Amino acid sequence: MSPTALVRHVPSTFARALARHPQPEGIQVDRARRQHREYRRALTALGVTVHELPADERYPDCPFIEDTAIVMGEQALITCSGAESRRGEEQQVHATLSSSKKITRMEAPLTLDGGDVLRVADVLYVGITERTDIQAIPLLEKTFQVKVVPVQVREALHLKSFCSAPLPAIVVVAEGFLDPPPFPKSVEVLVIPREEAPAANLVGSGESVIVHEGYPQTRRLLEERGIRCIPVDVSEFGKADGSLTCLSLFV
Ligand code: CIR
């Protein structure tokens, strides 16, 4: 069965999305919408069935759907965002998943963003950040009955801002961000150059990954490893600290 991912369209309010380092030229919503379309096409090229949710104008950050839920098998944990302005985005995701998943809800004061949850085999590595509270870990353990390893993150918004696990047993990490990497020896860790750190965030399926356009060293490293790369430009989302994984929620 092909994997399925939820994506959420770009609202016209997207120019007001949260940004740690707002760019003087601002976010171009039309360009973000075109990039989102290319991203959806790339998911389809990976063999993923894409389920599109409508934008919600009240939530400028709603395209970053990864943050709203953690899904493993039949279980879904609907998160409580660490950013107050994003609370409420999860309702539509909850409604969508409730027909097919067993739902658990996280309630404030517990907070967690999906961008902090990296799944490698049956272990969840969880970034402890401004968004994700260490107190949320017992609920993850209870919901999914898995081992959870906390990882302190200081240099970035989320754990997955500088690493990802795009294919089974392959983790891509930007040099110097996770020293030493907390993964077992059975996991292959591909280290990309620090100057390409944002390119460590990748989405994959089968033998292929979606990579960021404009990061040639990362692409070469992956291709030398025999991984097919589909480049996509998500630079408008990058202006709001977004990347590739955050634009989809694999269910
Ligand atoms: C935020 O600050 O919440 C959004 N502007 C960006 C969220 C990116 N999410 C992710 O990488 N999982």
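**A polar contact and a sheet**

Guide: The side chains of glutamate 66 and lysine 160 make a polar contact at 2.6 Å; such a contact is a pair of N or O atoms within 3.5 Å, and within protein one must be able to donate a hydrogen and the other to accept it, while residues adjacent in sequence count only if both atoms are side-chain atoms. This is a predicted model, in which local features need pLDDT of at least 70, side-chain atom pairs count only at pLDDT 80 or more, and totals for chains, interfaces and linings use all residues. Residues are numbered from 1 along each chain as its sequence is written, and side-chain values use heavy atoms, with hydrogens and water left out.

Visitor: Is glutamate 66 buried or exposed?
Guide: Glutamate 66 is buried, with a relative accessible area of 7%; buried means under 20%, exposed over 50% and partly exposed in between, using a 1.4 Å probe and protein chains only.

Visitor: Where is glutamate 66 found?
Guide: Glutamate 66 lies in the loop between β2 (49-53) and β3, where strands are DSSP runs of E with at least two residues, and helices runs of H or I with at least four, numbered from the N terminus.

Visitor: Turning to the sheet, in what order do the strands come?
Guide: The order is β3-β4-β5 in an open sheet with mixed pairing; two strands pair if DSSP finds at least two bridges between them. β3 (69-72) and β5 (102-105) are at the edges with a single partner strand each, so one side of each has no neighbour in the sheet.

Visitor: How many bridges join β4 and β5?
Guide: Four bridges, in the parallel sense; glutamine 75 has lysine 102 in β5 as its bridge partner.
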